[in-house]
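Here is a short note to read beside the structure. Keep the sequence open as you go through the points.

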Amino acid sequence: MDDLGAEQKQKLLTGIVRETKQRIATISTLALRGVANLPATWRDRESREQIAFAAAGFGGGLVWKSFVVLVLAPTMLFGLYSALWESHGYVSEARVTVRAAQEQRGALTDAASLVGKLSGGAKSTQQDSYIVLNYIKSEAVINDLGGRAYMEKAFSRPDIDYFSRLATKLPVEDIFKYWTRRVAASVDTVSGILTLKITAFRPEDSLKVARDVLRVSENLVNTISIRNRADAVERARQEVDRSAQALAAVRQQLLQFRNENDLVDPASRAASVSEMISKLTLEKIGVENTLSTLSDKLANDSPSQRFQQSKLTTLNEQIAKLKDDLTSLHTSKTVASQLGAYERLELEEQFAEKVYTISQNVFLKARQELDKQQLYLALVVAPSLPEAATYPRVGAGVLLLFASLSIIWAIGALIVASINDQMA
């Protein structure tokens with residue numbers, strides 16, 4: 001078509017427009033006359049499709065009546081209901097986020113750090129916001145608000161229109177379905193802010209319900225936080241019990257060791273033995289010096305020589321015995337072996353005592369944290385008293401209903417026309 005001249009293009013477009021106008025006029029005329037009066041020459045498939053389309057959309061009496069009954073009448077009734085009868089809906093909006101209590105970094109101790117690990121220590125306010133969101137959209141929030149009596153007081157007043165009013169004495173499941181139509185909540189995935197909208201039929205009711213929902217939601221996050229902290233206290237108490245039992249067992253082993261070895265402190269005994277060996281060694285050196293001096297003056301069998309020899313022998317035996325008591329390869333009852341076992345038990349006692357002290361501090365810290373509010377709802381936008389009704393939106397509602405019913409009607413008309421075309 002790009003190769004054609006401007007004059008040829010103009011002629012071609014004019015012919016297409018003229019032919020289109022003729023076809024529309026012919027189809028409209030045939031549709032008004034009815035399908036029964038069609039000329040016999042219109043037997044080809046293209047003509048039947050055009051006739052069926054014309055009858056469905058441009059004047060078929062039955063189809064036009066169906067359009068009036070299925071589209072126009074419901075739309076008009078809905079418009080009259082929305083404009084004259086439907087109760088006004090007032091929306092109270094609030095925006096909140098879940099915050100965790102902030103601890104001073106410089107004041108944190110090892111015990112506080114352990115408490116944070118025991119209690120979870122999670123600061124994910126976005127996750128907590130989703131917990132609140134699911135709670136608001138559940139039956140639990142209705143029960144916490146006051147159940148059926150609370151809902152009927154807010155949404156079953158006689159001045160509310162029949163279709164908007166909550167019927168009395170409904171089962172909980174139906175009350176929950178009604179609640180989902182009056183509450184809207186969502187969480188911003190970036191900031192974690194939860195937006196809550198409550199629709200009621202008086203400004204005071206919407207504000208009161210919004211405040212009550214925030215109150216029970218804060219009770220929920222406090223309950224979750226208290227449960228976590230109570231679990232942390234219980235785990236800390238169990239740890240204290242275990243560490244106390246371990247410390248008592250080690251001290252019992254120390255007592256048993258002292259009773260079996262007849263000593264209180266092997267280290268002090270080792271020091272005492274070493275000191276005695278040193279004294280006897282010095283005394284032995286003195287005796288040896290005396291013997292060396294007397295050997296030049298006296299005979300070997302003189303009484304003085306025999307006394308010094310006997311004394312030297314005794315000192316050697318005492319020193320040997322003390323050395324055997326201190327260290328020996330022939331027995332396990334030496335002071336050195338006792339000292340090794342004792343130091344091992346003493347090290348275990350010190351470790352158990354340290355663990356017991358830490359667990360006690362953790363338990364005390366957990367008990368203190370149990371009385372604190374760790375999570376709370378921070379109001380970003382507090383609920384306010386609405387001044388103007390948000391619903392009904394008559395124009396938008398009527399247009400939306402008309403468009404929806406028209407689309408459904410058009411689809412049905414095309415289906416009927418296709419069936420008629422197949423049967424023809």
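1. **Ground rules.** This is a predicted model, in which local features need pLDDT of at least 70, side-chain atom pairs count only at pLDDT 80 or more, and totals for chains, interfaces and linings use all residues. Residues are numbered from 1 along each chain as its sequence is written, and side-chain values use heavy atoms, with hydrogens and water left out.

2. **Main core.** A nonpolar core is a set of buried Ala, Val, Leu, Ile, Met, Phe, Trp, Tyr and Cys residues joined through side-chain atoms within 4.5 Å. Buried means under 20% relative accessible area, exposed over 50%, and partly exposed in between (1.4 Å probe, protein chains only). The largest core has 35 residues, and Met151, Trp179 and Leu196 have the most contacts inside it. Among the elements that each supply at least two residues are β1 (90-100), α7 (147-155) and α9 (203-261). Helix α9 gives the most, with 7 residues. Helices (H or I, at least four residues) and strands (E, at least two) are DSSP runs, numbered from the N terminus.

3. **Second core.** A separate core of 6 residues includes Val240, Val362, Phe363 and Ala366.

4. **Helix α7.** Which residues of α7 are buried? They are Gly147, Tyr150, Met151, Ala154 and Phe155. Seen down the axis of α7, these fall within an arc of 100 degrees, so they line one face of the helix. The arc is taken from the directions from the helix axis to the C-beta atoms. The face turned away from the buried side carries the exposed residues Ala149 and Lys153.

5. **Salt bridges.** The structure holds 11 salt bridges (a side-chain nitrogen of Lys or Arg within 4 Å of a carboxyl oxygen of Asp or Glu). Lysine 208 pairs with aspartate 212, with the closest N and O atoms 2.9 Å apart. These two are 4 residues apart in helix α9, so about one helical turn separates them. Glutamate 353 pairs with arginine 251, the closest N and O atoms being 3.9 Å apart. Glutamate 353 lies in α12 (residues 335-370) and arginine 251 in α9, so this pair ties together parts 102 residues apart in sequence.

6. **Network.** Arg157, Asp159, Arg202 and Asp205 are linked in a network of salt bridges. Within this group, arginine 202 bridges to aspartate 205, the closest N and O atoms being 3.1 Å apart. Arginine 202 is partly exposed at 35% relative accessibility, whereas aspartate 205 is buried at 9%.

7. **Tryptophan 85.** This residue sits in helix α3 (residues 61-85). Tryptophan 85 counts as partly exposed, at 48% relative accessibility.
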